[in-house]
Amino acid sequence: MARARLTRRRLLGLDRSGPPPPETLRKQPLNPWTLPNAIGFVRLALIPVFLVLGLNSGDGRRAIATVVFAVIAWSDYADGMAARITGQYSRLGALLDPLTDRLLVLSGAVVAWKYELLPRWALAVLGARELFMLVLTQLALRREMDLKVNMLGRWAVWPVMSAIALSFMVETWVTDVLLYIGLAMTLAATVMYVQDGLRHLRGQERGPSS
């Protein structure tokens, strides 16, 4: 299958038209030894480092913890660009990337909760949503279904991450607004994931001959 031409919009992740790379689909080999996956492994390994630094910061606003959080968040963009530039797509990368993002959001929410840096009710809803998505993804994999990441879900990550990161630096109403915007987008994206899953299940029940 010929790959789409790597335009600037596609390189930056703004153009995601067309089918996903075949290497990322179900039943493909994991192929862990790629440059994008190396970045993903580093991101994953830094999450417990962030948690230790953040939870032992005294007030949640330790500079080094904030830097580590920001590096993990922004390197998500780096591994995606590395995959598009090198063509080193993999099944493992398709699974590892959203898992790392969810764990980072949960970790940031835990630190923000401990020091009351953001509204706890919103953090509770956010945490519950991320846990729900982890369970939903596992159920989908058992049903031999891939949950395609929708654009609303992709964009929702940024106000959420920005709210958490900014709360580690300053106390401002802006963090609450960003969190509420991100939470609304995230919940809307979750509804879309559930709808996709239900459509897939109905298709399975009807069978290929219907």
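This briefing walks you through the salt bridges, a pocket and a surface patch of the structure above. Please keep in mind that the model is predicted.

**Salt bridges around Arg43**

- Arg43 and Asp97 are joined by a salt bridge through their side chains, with 3.3 Å from N to O. This pair links distant parts of the chain, since Arg43 sits in helix α2 (residues 35–55) and Asp97 in helix α4 (residues 91–114), 54 residues apart.
- Arg43 also makes a salt bridge with Asp101, where the closest N and O atoms are 2.7 Å apart. Because Arg43 belongs to helix α2 and Asp101 to helix α4, this pair ties together parts that are 58 residues apart in sequence.
- How much of each partner can be reached from outside? Arg43 is buried, because its relative accessible area of 1% falls under the 20% cut-off. Asp101 is buried too, at 12%, while Asp97 is partly exposed, at 22%.

- Arg199 pairs with Asp196 in a salt bridge whose closest N and O atoms are 2.2 Å apart.
- Both residues belong to helix α7 and are three residues apart, which is about one turn of the helix.
- Arg199 is partly exposed, with a relative accessible area of 47%, and Asp196 is partly exposed as well, with 28%.

**The second largest pocket**

- The second largest pocket holds about 170 Å³ of space.
- Which helices supply at least two residues each of its lining? They are α5 (120–142) and α7 (173–206), and α7 gives the largest share, with five residues.
- The lining is made up of nine nonpolar residues, one polar and one charged. Among the lining residues you can look for Leu136, Arg143, Met145, Tyr193 and Gly197.

**A nonpolar patch on the surface**

- Trp121, Val125, Tyr180 and Leu187 make up a nonpolar patch on the surface, and together they have about 370 Å² of accessible area.
- Helices α5 and α7 turn up again here, each supplying at least two residues of the patch.
- Val125 is found in helix α5. With a relative accessibility of 31%, Val125 counts as partly exposed.

Key
Residues numbered from 1 in each chain as written. Predicted model: local features only at pLDDT ≥ 70, side-chain atom pairs only at ≥ 80, totals over all residues. Heavy atoms only, no water. 1 Å grid on protein atoms, 1.4 Å probe; cavity = no way out; pocket = protein on both sides within 12 Å on 5 of 7 lines; lining within 4 Å. Points joined across faces, edges and corners; volume = space filled by probe spheres on them. Helix = DSSP H or I, 4+ residues; strand = E, 2+ residues; numbered from the N terminus. Nonpolar A, V, L, I, M, F, W, Y, C, P; charged D, E, K, R; others polar. Patch = residues over 30% accessible without salt bridge, like charges linked within 9 Å, V, L, I, M, F, W, Y side chains within 5 Å. Areas by Shrake-Rupley, 256 points an atom, 1.4 Å probe, with all protein chains shown as cover. Salt bridge = Lys/Arg side-chain N within 4 Å of Asp/Glu carboxyl O. Buried < 20%, exposed > 50% of the residue type's maximum accessible area, 1.4 Å probe, protein only.
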